[in-house]
Amino acid sequence: MGELLEKLTGGLLDFEGRARVWLGAGARLGGVRSAVARSRAVGWLTESGRLESVLVREELVGLVDFALSWRLVLERLVGDEPPAWSPARCRCGERSFRWDVKAGFYVCAACGTHVSEGEASARVEEEAAR
Ligand SMILES: [Zn+2]
């Protein structure tokens with residue numbers, strides 16, 4: 001769990017850094033423990049009107065994928081069955097993987113491709129790491 005939080009913090013700070021560059025905001029205060037850095041990043045990003053300015057920036061749409069992939073990771077920590085939908089991108093280009101309980105695979109609603117839960121998670125993580 002600690003390792004997971006470190007990754008989450010890293011991703012969040014990375015995103016905040018990009019948002020600060022684009023918005024012309026100053027660098028963040030450094031040298032704080034990760035829990036503090038994490039809540040500051042969330043606080044900064046959600047300050048009045050800022051998130052809206054960030055989300056209109058196309059390259060920063062990554063925040064949405066970031067949040068979705070983390071939701072997936074965190075849901076897996078608490079539940080047995082994988083989430084009904086995966087944000088993983090299929091090779092056909094769609095993000096339409098639905099969990100098929102009987103098959104035990106994610107099935108692409110667009111082209112019928114089957115991928116395992118592990119494969120779907122790997123694709124999400126790979127995209128989030130870019
Ligand atoms: Zn597909």
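Two residues are in contact if their C-beta atoms, placed from the backbone, lie within 7 Å.

This is a predicted model, where local features need pLDDT of at least 70, side-chain atom pairs count only at pLDDT 80 or more, and totals for chains, interfaces and linings use all residues. Residues are numbered from 1 along each chain as its sequence is written.

**The whole protein**

Show the C-alpha trace. Along its principal axes it spans about 50 × 30 × 25 Å. Switch to cartoon, and there are 5 helices and 4 strands. Helices (H or I, at least four residues) and strands (E, at least two) are DSSP runs, numbered from the N terminus. Follow the sequence and the pattern reads α-α-α-α-β-β-β-β-α. Of the 130 residues, 14% count as buried. A residue is buried if 20 or more other C-beta atoms lie within 10 Å of its own, exposed if 12 or fewer, and partly exposed in between, with C-beta atoms placed from the backbone.

**The sheet**

Select the strands. The 4 strands form an open, antiparallel sheet in the order E1-E2-E3-E4. The edge strands are E1 and E4 (114-115), each pairing on one side only. Two strands pair if DSSP finds at least two bridges between them. In general, strands of a sheet pair through backbone hydrogen bonds, either parallel or antiparallel.

E1 (residues 85-86) pairs with E2 (residues 97-100) in the antiparallel sense, over 2 bridges. Pick Ser 86: its bridge partner in E2 is Phe 97.

Step across to E3 (residues 105-108). E2 and E3 are antiparallel too, over 4 bridges. Asp 100 has Phe 105 as its bridge partner in E3. Now select the turn. E2 and E3 form a hairpin with 4 residues between them, and Gly 104 in the turn has a positive phi of about 75°.

Move on to E4. It runs antiparallel to E3, and 2 bridges join the two. Val 107 has His 114 as its bridge partner in E4. The hairpin of E3 and E4 has 5 residues between the strands, and Gly 112 there takes a positive phi near 80°.

Which residues lie on its covered face, and which on the uncovered one? Tyr 106 and Cys 108 are on the covered face; Phe 105 and Val 107 are on the uncovered one.

Zoom in on Tyr 106. On one side, Tyr 106 is the bridge partner of Trp 99. Tyr 106 also stands opposite Val 115 in E4. Leaving out residues up to four places away in sequence, Tyr 106 touches Ser 86, Phe 97, Arg 98, Trp 99, Val 115, Glu 117 and Ala 120.

Now select the largest nonpolar core. Its 8 residues are Leu 72, Ala 88, Cys 90, Phe 97, Tyr 106, Cys 108, Ala 120 and Val 124. A nonpolar core is a set of buried Ala, Val, Leu, Ile, Met, Phe, Trp, Tyr and Cys residues joined through C-beta atoms within 7 Å. E3 and H5 each supply at least two residues of this core.

**Two helices**

Select H4 (residues 62-78) and H5 (residues 117-129). They pack at an angle of about 145°, with their axes 10 Å apart. Axes are lines fitted to C-alpha atoms, for helices over the stretch in contact, and angles run from 0 to 180 degrees between N-to-C directions.

Show the side chains where they meet. From H4 come Asp 65, Phe 66, Ser 69 and Leu 72; from H5 come Ser 121, Val 124, Glu 125, Glu 127 and Ala 128. The contact divides into 4 nonpolar, 2 polar and 3 charged residues. Ala, Val, Leu, Ile, Met, Phe, Trp, Tyr, Cys and Pro count as nonpolar, Asp, Glu, Lys and Arg as charged, and the others, Gly among them, as polar.

**Two loops**

Go to Val 101, in the loop between E2 and E3. Is Val 101 buried or exposed? Val 101 is exposed, because 10 other C-beta atoms lie within 10 Å.

Finish at Glu 81, in the loop between H4 and E1. Glu 81 is exposed, with 10 other C-beta atoms within 10 Å. From Glu 81 to Trp 99 is 18 residues in sequence and 9.0 Å in space, C-alpha to C-alpha.
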